[in-house]
Amino acid sequence: MSDPYLWLKFVHILAIISWMAGLLYLPRLFVYHVDAEIGSRQSETFKVMERRLMKAITTPAMIVSVITGLWLGFMAGWWSSGWLHAKTLLVVLLLASHVYLARVVKIFARDANTRPGRWYRIINEVPTVLMIGIVFFVVMKPFG
């Protein structure tokens with residue numbers, strides 16, 4: 001129980017779960033927000049939900065995920081492993097997805113959205129596909 005690596009891994013996994021929850025839930029909120037009339041109580045509620053989800057959960061969880069992930073990589077000495085390079089590429093794409101969703105939160109906050117709900121349904125799949133790839137590389141560790 002006193003192994004620091006296991007505690008760090010524990011925090012990393014919790015942070016990832018929280019980060020992914022936000023990345024998966026935000027586009028779903030956008031799908032519903034598209035249908036809300038601009039200036040309506042419903043639209044304003046979505047703005048609050050989106051902002052709070054991004055600022056209070058998703059972004060802090062992303063920061064903890066990245067810091068603990070880097071720390072775990074150094075502790076275990078995996079930085080020369082091919083699987084970690086592949087995983088890191090997918091994590092960078094997940095970070096780009098996070099940045100894009102943060103921009104969309106601001107677009108909706110300004111009532112400037114021009115995308116249809118279908119766009120956000122498609123975007124909702126991006127973090128899922130990246131997560132599947134990341135978990136594959138972590139568990140299977142192909143190419144040493």
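The structure is a predicted model, in which local features need pLDDT of at least 70 and side-chain atom pairs count only at pLDDT 80 or more, whereas totals for chains, interfaces and linings use all residues. Residues are numbered from 1 along each chain as its sequence is written, and side-chain values use heavy atoms, with hydrogens and water left out.

The secondary structure comes to five helices and zero strands, where helices (H or I, at least four residues) and strands (E, at least two) are DSSP runs numbered from the N terminus. The elements accordingly read α-α-α-α-α from the N terminus on. Along its principal axes, the C-alpha trace spans about 50 × 30 × 20 Å. Of the contacts (heavy atoms within 4.5 Å) between residues at least 6 apart in sequence, 78% join residues at least 24 apart.

Two salt bridges, each a side-chain nitrogen of Lys or Arg within 4 Å of a carboxyl oxygen of Asp or Glu, are found in a search of the whole structure. K47 forms a salt bridge with E44, with the closest N and O atoms 2.9 Å apart; both residues lie in helix 2, three residues apart, which is about one turn of the helix. K47 is buried, its relative accessible area being 12%, while E44 is partly exposed at 36% relative accessibility. K47 also forms a salt bridge with D111, again with 2.9 Å between the closest N and O atoms. Because K47 lies in helix 2 and D111 in the loop between helix 3 and helix 4 (117-123), this pair ties together parts that are 64 residues apart in sequence. D111 counts as partly exposed, at 30% relative accessibility. Through shared partners, the salt bridges join E44, K47 and D111 into one network.

A contrasting lysine is K87, located in helix 3 (residues 82-109). K87 is buried yet has no salt bridge, and the nearest side chain of opposite charge, that of D3, is 17 Å away; for this assignment Lys and Arg count as positive and Asp and Glu as negative, with His and the chain ends not counted. Leaving aside neighbours within four places in sequence, K87 is in contact with H12, I134, F137 and V138.

Aromatic pairs were assigned to rings of Phe, Tyr and Trp (its six-membered ring) whose centres lie within 6.5 Å, with planes under 30 degrees apart counted as stacked, over 60 as edge-to-face and the rest as tilted. The count by this rule comes to eight aromatic pairs. One of them joins F74 and W79 in a tilted arrangement, at 5.2 Å centre to centre and with 45° between the planes; F74 is exposed at 60% relative accessibility, and W79 is partly exposed at 29%. F137 and F143 likewise form a tilted pair, with 5.9 Å centre to centre and 45° between the planes. Within this pair, F137 is buried, with a relative accessible area of 14%, whereas F143 is exposed at 55% relative accessibility.

R115 lies over the face of W119, at 4.1 Å from the ring centre. The charged end of K141 sits over the ring of W78, 5.2 Å from its centre.

Two further buried positions were examined individually. S65 lies in helix 2 (residues 41-76) and is buried, at 3% relative accessibility. A polar atom of the S65 side chain lies 3.4 Å from the backbone oxygen of A15. With neighbours within four places in sequence left aside, S65 is in contact with H12, A15, I16 and W19. A36 is found in the loop between helix 1 (4-35) and helix 2 and is buried, with a relative accessible area of 9%. Not counting residues up to four places away in sequence, A36 touches Q42, S43 and F46. The C-alpha atoms of A36 and S80, which are 44 residues apart along the chain, are separated by 49 Å.

How values were computed: Buried < 20%, exposed > 50% of the residue type's maximum accessible area, 1.4 Å probe, protein only. Lys NZ or Arg CZ within 6 Å of the ring centre and 35° of its normal. Polar contact = N/O pair within 3.5 Å; in protein donor to acceptor, adjacent residues only side chain to side chain.
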